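Reader: Could you take me through this structure, chain by chain?

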Amino acid sequence: MKLETRGITKSFDGTRIIEDISITLGEGELVCLLGVSGGGKTTLFNIIAGLSKPDSGQVLIDDEDVTGKPGHVSYMLQKDLLLPFRKVADNVALPLELAGTDRKTARAEAMRYFEQFGLQGTEDRYPAQLSGGMRQRAALLRTYLFGKSVALLDEPFSALDTITKSAIHRWYLDVMEQIHLSTLFITHDIDEAILLSDRIYILSGRPGHITDEIHINVPKPRAGDFTLTPEFLAYKRQIIEAMHLS
Amino acid sequence: MTRRHPSITSKLAPAVLIAVLLAVWQLCSDLGVVPKFMLPSPTDVVTAFVEDFPALMTHARVSLSEAFLGLGTAVILSFVVAFLMDQFRVVREAVYPLLILTQTVPTVAIAPLLVLWLGYGILPKVVLIVITCFFPMTIGLLSGFASADPDFIHMMRAMGASNWQIFRYVKLPSSAEQFFSGLRISASYSVVGAVISEWLGGFEGLGVYMMRVKKSYAFDKMFAVIFLISVISLILIKAVDLLKKKSMPWNLIHSGEH
């Protein structure tokens with residue numbers, strides 16, 4: 001397993017937020033964690049990223065215990081978190097610089113991916129000059145360049161408008177075809193979850209726990225009209241029922 | 001085209017007001033409303049300024065070097081203190097009240113003490129300027145460091161960044177805006193600080209010159225010095241603004257343009 005959590009439980013101020021979360025993520029797999037807002041998704045995210053410690057349970061990456069240790073997964077949020085005072089290329093190259101590469105080499109290394117990520121021409125612009133969709137692309141490239149074999153994405157596209165969002169989904173699936181990143185994708189968007197993932201965990205209840213696991217058995221790359229097929233709707237119905245049952 | 005109008009009127013209105021005030025001042029002086037030896041007319045001040053120009057420049061050079069030395073020291077010192085306060089909670093909690101407390105002590109009041117302790121040379125002047133400028137610089141930097149978005153810091157930590165890297169890549173650049181507001185205030189404080197400390201004793205400088213012309217009741221020269229001091233302050237403030245523009249190129253970008 002690339003990533004595995006075992007029995008993660010966490011409380012804040014005496015209120016249990018998540019309980020006994022055990023999930024797995026295989027090599028090259030894209031797994032969605034689907035749940036309503038405020039259901040403990042971000043708590044779990046921070047624990048997996050090593051930014052906070054669980055009350056009990058473990059986080060394993062490549063079978064190594066990394067509970068409470070940051071720096072083992074690549075990380076991306078809904079907010080693009082591009083530093084406003086760095087040019088796009090320098091922002092994207094940041095993880096390389098943090099690892100000790102000098103600025104010039106890091107920049108050159110990052111620029112090699114600009115075309116593949118559809119970012120050509122934005123190298124010397126500041127983030128404020130880019131559209132929301134472009135900023136998320138840059139953020140994803142930065143996440144990728146962090147170079148960890150597991151990526152953790154917390155609602156990365158949920159701040160985008162519907163049209164930009166469906167464009168970026170298509171782009172995302174394309175890019176993922178080429179870079180094979182093992183990804184845990186956290187979202188509250190059912191359509192997004194079905195469209196992108198190989199497997200979906202449903203997180204619900206209070207405290208939040210895993211109530212269901214659904215395999216999306218549709219080969220990738222998925223066609224643009226996949227979201228309009230009866231198959232897609234069947235999955236959607238199944239998920240809606242699963243979320244209501246809990 | 002329509003956008004140009006407000007900027008013209010916004011410059012025109014104060015210019016007209018200044019011209020009117022100057023004219024009233026000139027008239028009061030010419031018509032003898034106020035005795036000439038007490039309030040010299042604007043033309044007298046200009047004449048004094050031109051006649052005394054070489055002397056003014058010599059003294060200005062002295063005051064300016066004190067101001068720069070003091071300001072430079074204050075900037076370096078404030079960086080060190082603000083950095084330590086940012087990195088170590090204990091330092092922050094210990095130093096912060098002290099910092100506020102020192103601000104309640106009027107610098108003008110301790111200036112005579114500094115002269116007694118440190119003599120009539122350049123040292124008491126520089127020390128006074130450092131004391132005056134240190135506070136706005138440190139507070140500016142501290143709140144600048146604290147203004148860094150905590151999500152940036154989380155992200156950096158998740159990418160395995162060290163405390164120093166978080167400081168260098170996130171907190172330091174985030175403080176640029178506040179640093180320059182602090183520097184702007186401090187730059188004008190430094191000139192005023194130099195002049196005030198020179199009043200209390202010294203051999204050269206605009207403050208010394210001011211005391212000298214005051215004793216000889218040369219009010220026109222007095223006004224010429226005051227005029228010079230405000231010009232110097234204005235130039236310094238403009239220089240800081242220019243430096244800010246140069247060092248923060250991302251600030252010139254409006255988010256609407258892409």
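Predicted model: local features only at pLDDT ≥ 70, side-chain atom pairs only at ≥ 80, totals over all residues.

Author: Residues are numbered from 1 along each chain as its sequence is written, chains are lettered from A and ligands numbered from 1 in the order in which they are written, and side-chain values use heavy atoms, with hydrogens and water left out.

Reader: What is the radius of gyration of chain A, against that of a compact globule?

Author: Chain A has a radius of gyration of 18 Å, which agrees with the value near 18 Å for a compact globule of 246 residues. The radius is taken over C-alpha atoms, and the globule rule is 2.2 Å times the number of residues to the power 0.38. Along the principal axes, the C-alpha atoms of chain A fill a box of roughly 50 × 40 × 30 Å.

Reader: And what percentage of chain A counts as buried?

Author: Of its 246 residues, 54% count as buried. Buried means under 20% relative accessible area, exposed means over 50%, and partly exposed lies in between (1.4 Å probe, protein chains only). As for contacts (heavy atoms within 4.5 Å), 67% of those in chain A between residues at least 6 apart in sequence join residues at least 24 apart.

Reader: Let us turn to single residues. Where is A:L181?

Author: A:L181 sits in the loop between helix 6 (162-179) and strand 8 (182-187) of chain A. A:L181 is buried, at 12% relative accessible area.

Reader: Which residues does A:L181 touch?

Author: Leaving aside residues up to four places away in sequence, A:L181 touches A:G28, A:E29, A:Y144, A:K148, A:S149, A:A151 and A:M176. A:L30 is 151 residues from A:L181 in sequence, yet their C-alpha atoms are 7.9 Å apart in space.

Reader: What about backbone geometry? Which peptide bond is cis?

Author: The bond from A:R206 to A:P207 is cis, with omega near -5 degrees. A:P207 belongs to the loop between strand 9 (199-204) and strand 10 (209-215).

Reader: Buried or partly exposed, in the case of A:D62? And A:E155, buried or exposed?

Author: A:D62 counts as partly exposed at 43% relative accessibility, and its place is the loop between strand 4 (56-61) and strand 5 (64-65). A:E155 counts as buried at 9%, in the loop between strand 7 (150-154) and helix 6.

Reader: On to chain B. How many helices and strands does chain B have?

Author: Chain B has 11 helices and 0 strands. Its radius of gyration is 23 Å, well over the 18 Å that the globule rule gives for 258 residues, so chain B is more spread out than a compact globule. The C-alpha trace of chain B spans about 75 × 60 × 30 Å along its principal axes.

Reader: Where is B:S190, and what does B:S190 touch?

Author: B:S190 is in helix 9 (residues 176-199) of chain B. B:S190 counts as buried, at 1% relative accessibility. Beyond residues up to four places away in sequence, B:S190 touches B:A67, B:L71, B:I129 and B:C133.

Reader: Last topic: which UniProt annotation covers residues 60-244 of chain B?

Author: An unreviewed UniProt entry gives the annotation "domain: ABC transmembrane type-1" for residues 60-244 of chain B. UniProt positions are given in the numbering used here, feature names are shortened, and annotations may be inferred rather than shown by experiment. Over residues 60-244, chain B is 87% helix and 0% strand, and the end C-alpha atoms are 25 Å apart.

Definitions and conventions
Helix = DSSP H or I, 4+ residues; strand = E, 2+ residues; numbered from the N terminus.
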